[in-house]
Amino acid sequence: MIPSTGHAKPLPVIDRHNRTYWEGTREHELRLLACDDCNHIRYQTFSTCPHCGSDRRHWICASGNGTVWSWTRFHKTYFPGFATDMPYVVVVIELDEGPKLFANMVDMRVPPKIGTRVKAVFEAVTDDVTLVKFKPA
Ligand SMILES: [Zn+2]
């Protein structure tokens with residue numbers, strides 16, 4: 001589906017659970033949830049901690065530093081908005097704070113080596129959505 005924003009790639013649905021995360025990316029901050037009881041840090045905006053089950057949490061600002069943990073290269077166009085990017089690389093980044101997330105590398109069609117150190121960069125794609133991507137550190 002192509003949203004009315006003119007951005008032809010899929011966009012996240014911003015809701016009350018993830019709004020703080022997306023407000024952070026607009027300010028070029030990578031915000032994560034930290035458990036008040038066991039200090040487990042998570043990328044997902046679950047209301048409860050997947051480690052201990054606590055619902056007490058607070059937001060932290062991650063460093064944006066991480067390591068390429070895995071990658072794949074897409075050769076099939078699942079979304080028309082990616083047609084001019086083909087083939088494109090999707091990476092799994094393990095942040096220094098622990099969580100892993102899927103992302104794209106900036107201007108990279110050749111897969112990075114596993115273990116490559118990376119730094120988050122922020123790309124505003126609509127007025128509401130700024131995506132987190134990564135580039136070699
Ligand atoms: Zn916990």
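User: Which residue is the bridge partner of C35 in β3?

Analyst: In this predicted model, the residue of β3 that bridges to C35 is R57.

User: How do you know that β1 and β3 are paired, and in which sense do they run?

Analyst: Two strands count as paired when at least two bridges are found between them, and strand β1 (residues 30–35) is joined to strand β3 (residues 57–62) by 6 bridges. The pair therefore meets the cut-off of at least two bridges, and its strands run antiparallel.

User: What makes β1 and β2 a pair, and how many residues lie between them in the hairpin?

Analyst: The cut-off is at least two bridges, and β1 and strand β2 (residues 41–42) have 2 bridges in the antiparallel sense, so they count as a pair. Residue A34 stands opposite I41 in β2, and the hairpin that β1 and β2 form has 5 residues between the two strands.

User: Why is N39 called exposed?

Analyst: A residue is called exposed if 12 or fewer other C-beta atoms lie within 10 Å of its own, and N39, with 10 C-beta neighbours inside 10 Å, therefore counts as exposed. N39 is found in the loop between β1 and β2, and it has a positive phi of about 70° although it is not a glycine. Most residues other than glycine have a negative phi.

User: Is H28 buried, exposed or partly exposed, and why?

Analyst: Buried would need 20 or more other C-beta atoms within 10 Å, and exposed would need 12 or fewer; H28 has 13 C-beta neighbours inside 10 Å, so it counts as partly exposed. This residue lies in the loop between α1 (19–26) and β1, and H28 too is not a glycine, yet has a positive phi of about 60°.

User: Which residues have the most contacts inside the largest nonpolar core, and which elements give two or more residues to it?

Analyst: The largest nonpolar core has 14 residues, and those with the most contacts inside it are L30, V91, I93, A103 and F134. The elements that give two or more residues to this core are β1, β5 (88–95), β7 (117–124) and β8 (130–136). Apart from neighbours within four places in sequence, L30 is in contact with G24, C61, A62, G64, A120 and V132.

User: Why are β6 and β8 called edge strands?

Analyst: The open sheet of 5 strands has the order β6-β5-β4-β7-β8, with antiparallel pairing, and β6 (100–104) and β8 are its edge strands, since each pairs on one side only. From one strand to the next, the twist averages 40°.

User: Which peptide bond is cis, and where does its proline lie?

Analyst: The bond from M86 to P87 is cis, with omega near -20°, and P87 lies in the loop between β4 (65–74) and β5. Most peptide bonds are trans.

Conventions: Residues are numbered from 1 along each chain as its sequence is written. This is a predicted model: local features need pLDDT of at least 70, side-chain atom pairs count only at pLDDT 80 or more; totals for chains, interfaces and linings use all residues. Helices (H or I, at least four residues) and strands (E, at least two) are DSSP runs, numbered from the N terminus. A nonpolar core is a set of buried Ala, Val, Leu, Ile, Met, Phe, Trp, Tyr and Cys residues joined through C-beta atoms within 7 Å. Two residues are in contact if their C-beta atoms, placed from the backbone, lie within 7 Å. Axes are lines fitted to C-alpha atoms, for helices over the stretch in contact, and angles run from 0 to 180 degrees between N-to-C directions.
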